[in-house]
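Colleague: I am new to this structure and would like to learn how to read it. Could we go through it feature by feature?

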Amino acid sequence: MSARIIDGKAVAARVRAEVAEGVKAFEAEHGRVPGLATILVGEDPASQVYVGGKQKACAEAGIAGFDHRPPGDASHEQIAALIGELNDDAAVNGILLQLPVPDHLDGPALVELIDPGKDVDGLTSRSAGRLIQGAPGLRPCTPSGVIELLDDTGVELEGAQAVVIGRSMLVGKPVALLLQERNATVTMCHSRTRDLPAVARSADVLVVAAGVPRLVTADYVKPGATVIDVGMHRLEDGLCGDVDFGSVAEVAGAITPVPGGVGPMTIAFLLRNTLAAAHAAGALARQN
Ligand code: NAP
C-alpha cells in the first residue's frame, strides 16, 4: 500500500476539541451554552443510534441537548408545531430533524420549516441558496467534513482538477460547490456519465458519493490523487465504502478509510455549526 491513510477519527476529534473550547468561551461571554434540539419521529432503530450519538457528542462538547422523540404516528401539524416552538426558543441554536421520517410525513417540507439561522444540517432551501450564492451561512455537515479532511492532507485545492461522483443534494452538489468556493476546477459525475473511469482519472482530488459499494477501483484513479470516500455500506463481509480501498490505496497518494474516514466528520460539523449558529444569534441579539 502506498497511499497515506487520512485519519477521519483524529481530524474529527480535533474539530470536536476546538468546538468544546469554543463552547467554554461562548459560555464565559454569554452566561449560557449553545443548544441543539434533535427531533426523532418514531422508533427506527438506526435513527435511534444516530440521534443517541449526536446527543452524546453534544454533551461531550458542553452543548445543551434537547432530545425530542414524538411518536411514530405524530401528524405533520404536530411536528410543524414542535419545530415552530424550537424556532422561537432562544435556548435552542440548532434544530435537527432526523431523516428519514415515517412515510406519512413529508420530510423535506418539514425541514423547510426550520429557521435558517438554526438549520445546522444546512438542508433548507435558504441554506442551499446561500451556498450557491457564496453568501455566509450554515453549510451541510458531511460536505464540510470532506473539505476539512482535504485541508488536513495539505492538498492544494486552488486550481486542482476535482471530480465528484454523485450529485445528491445531501452530498455531491454541496461538495462540488464547496470545492468551487476553494477555486478547484470541478467536474460532477452521475449515473449517466460516459466513461466514468476516464473522467475520474483526470482528478487530482476525487470525491466519491455514489452509494454503490466499491464502485471506484484502481483504474479510476490517477497515481498520487487524493481520494475521499463518502460511501458507507454494511455488507456481509463488513463495512465498506464506494471505493475499493485495497486496490485504490496502491495507486492514490492519500485515501480515507471506511469506517474512520468521512463518517466521524459529520457529527463534528454538526457541533461546529451549532456553535456558529449560537454566535450568529448572539450577534443578531446585540444588533437589536
Ligand atoms: P444518493 O442520494 O443515492 O445519490 C447518489 C448519487 O450517485 C446520484 O447522483 C447518482 O446519480 C450517483 N450514482 C449512482 N450510481 C452511480 C454510478 N454507477 N456511477 C456514477 N454515479 C452514480 O446518495 P447520497 O445520499 O449522496 O449518499 C452517497 C453515499 O454516501 C451513500 O453510500 C451514503 O450512505 C453515504 N453517506 C455517508 C455519509 C457520512 O456521514 N459518511 C453521509 C451521507 C451519505 P443520478 O443522480 O444520476 O441518479
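Modeller: Start with the angle between two helices. Axes are lines fitted to C-alpha atoms, for helices over the stretch in contact, and angles run from 0 to 180 degrees between N-to-C directions. Keep in mind that this is a predicted model.

Colleague: At what angle do helix α1 and helix α2 pack?

Modeller: Helix α1, residues 8–30, packs against helix α2, residues 45–61, at about 55 degrees, and their axes are 8 Å apart. That angle makes α1 oblique to α2.

Colleague: Which residues in α1 and α2 meet?

Modeller: From α1 come R16, V19, A20 and V23, and from α2 come A57, E60 and A61. Sorted by class, this contact of α1 with α2 has five nonpolar residues, two charged ones and no polar ones.

Colleague: Next, the sheets. How many strands form the open sheet that contains β7, and in what order?

Modeller: Two strands pair if DSSP finds at least two bridges between them. Here six strands form an open sheet with parallel pairing, and the order is β1-β11-β8-β7-β5-β6. At the edges are β1 (4–5) and β6 (185–189), each of which pairs on one side only.

Colleague: What is the strand order in the open sheet of three strands?

Modeller: The order is β3-β2-β4, again with parallel pairing. Because β3 (64–68) and β4 are at the edges with a single partner strand each, one side of each is left without a neighbour in the sheet. From one strand to the next, the twist averages 15 degrees.

Colleague: How many bridges pair β2 with β3?

Modeller: Five bridges pair β2, residues 35–39, with β3 in the parallel sense. G35 is found opposite A64 in β3.

Colleague: Now the empty space. How is it found?

Modeller: Rolling a probe the size of a water molecule over the atoms shows where empty space is left. In this structure, the largest pocket holds about 1,300 Å³ of space. Its lining has 42 residues, and the closest to its centre are Y50, K54, T142, G263 and T266.

Colleague: Which elements give two or more residues to the lining of the largest pocket?

Modeller: They are α1, α2, β4, α6 and α10 (263–287). The largest share, eight residues, comes from α2. By class, the lining of this pocket divides into 24 nonpolar, nine polar and nine charged residues.

Colleague: How many cavities of 30 Å³ or more does the structure hold?

Modeller: The structure holds one. The largest cavity has a volume of about 40 Å³. Lining it are I95, L96, L97, V111, I114, D119, D121 and L123. Strand β4, residues 94–97, gives the most to this lining, with three residues. The lining of the largest cavity has six nonpolar residues and two charged ones, with no polar residues.

Note on methods
Residues numbered from 1 in each chain as written. Predicted model: local features only at pLDDT ≥ 70, side-chain atom pairs only at ≥ 80, totals over all residues. Heavy atoms only, no water. Helix = DSSP H or I, 4+ residues; strand = E, 2+ residues; numbered from the N terminus. 1 Å grid on protein atoms, 1.4 Å probe; cavity = no way out; pocket = protein on both sides within 12 Å on 5 of 7 lines; lining within 4 Å. Points joined across faces, edges and corners; volume = space filled by probe spheres on them. Nonpolar A, V, L, I, M, F, W, Y, C, P; charged D, E, K, R; others polar. Parallel < 35°, antiparallel > 145°, perpendicular 65-115°, else oblique. Contact = heavy atoms within 4.5 Å.
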